Amino acid sequence: MNLERIHEIAEGELLGKRSHSWKEPGWKEPGNKLHHGERVARIALELRRAIVPEDDSHDEILTAAAWFHDVCNGVRRHDLLGAERTRALLTGVCTDAELDEICGIIRVHDDRTRDPSFSPWVKLHQDADHLDHFGTYDVWMCILECGANNLTLPRAAQKLMERNFDELPPKREELNYELSRRIFDERVACSQAFAARFAKESRGEIVGLDVLLREE
């Protein structure tokens, strides 16, 4: 599979694409959605090496599917339309068998039912896609949104503290693998710790002052 050519096609299709006006515009860069796809590809391969270490046969399939999975993001049933669009874009670049697997992953990437019939490659992609929305990236998204809406520092701190916390348990259960859930927990803990510090410093508090005083 010619991944270099496939990436060029993804870059051309996704240049400047973003799902919200306040997200990174992608000016003179591939754009928010390709950046997301590139991260998902890396996460999927890391998960594969940890969970299915003996089988690297689908690494290129996972990579290509990750790059294109949100090619139609922003419209209803973007998973189905994305699979169709990807097939049109990559016909002649991939074999029919490769296209079937790539588009098969994209077609169900947003199905969070944990269907037991899904292949390991589908499950790896689903978990990688899910995980990329949490942790430091989620903090970045919140800060971008707050800036775009001209929120004050205290209000931004409050929004960051409240962000997605009610949704976290069901989001965690949508992951396929126990390792993915442990990664999820670590990412959430990291973003919550940052949010707590952000809230304190937005009020002018000095974090850890008592410890620093003891060190004198």
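**Charged pairs and the overall fold**

A: Arg 85 and Glu 13 form a salt bridge, with their closest N and O atoms 2.9 Å apart. A salt bridge here is a side-chain nitrogen of Lys or Arg within 4 Å of a carboxyl oxygen of Asp or Glu. The model is predicted, so local features need pLDDT of at least 70 and side-chain atom pairs count only at pLDDT 80 or more, while totals for chains, interfaces and linings use all residues. Residues are numbered from 1 along each chain as its sequence is written, and side-chain values use heavy atoms, with hydrogens and water left out.

Q: Which parts does the pair of Arg 85 and Glu 13 tie together?
A: Arg 85 is in helix H4 (residues 78–90) and Glu 13 is in helix H1 (residues 3–14), so the bridge ties together parts 72 residues apart in sequence. Helices (H or I, at least four residues) and strands (E, at least two) are DSSP runs, numbered from the N terminus.

Q: How many salt bridges does the count come to?
A: The count comes to 15 salt bridges.

Q: What does Glu 46 form a salt bridge with?
A: Its partner is Arg 49, and the closest N and O atoms are 3.7 Å apart. Both residues lie in helix H2 (residues 32–51), three residues apart, which is about one turn of the helix. Glu 46 is exposed, with a relative accessible area of 52%, whereas Arg 49 is partly exposed at 42%.

Q: Changing topic: how many helices and strands does the protein have?
A: The secondary structure comes to 11 helices and zero strands.

Q: What does the C-alpha trace span along its principal axes?
A: About 65 × 40 × 30 Å. Of the 216 residues, 43% are buried.

Q: Which residues form the nonpolar patch on the surface?
A: Ile 206, Leu 209, Leu 212 and Leu 213, with about 370 Å² of accessible area together. Patches are made of residues with over 30% relative accessible area and no salt bridge; like charges are joined within 9 Å, and nonpolar side chains (Val, Leu, Ile, Met, Phe, Trp, Tyr) within 5 Å. Accessible areas come from the Shrake-Rupley method with a 1.4 Å probe, and for residues only the protein chains shown count as cover.

Q: Where is Leu 209?
A: Leu 209 is in helix H11 (residues 209–214). Leu 209 is partly exposed, at 37% relative accessible area.

Q: Last one: where does Glu 167 lie?
A: Glu 167 lies in the loop between helix H8 (153–162) and helix H9 (168–173). From C-alpha to C-alpha, Glu 167 and Gly 92 are 42 Å apart in space, and they are 75 residues apart in sequence.

Definitions and conventions
Buried < 20%, exposed > 50% of the residue type's maximum accessible area, 1.4 Å probe, protein only.
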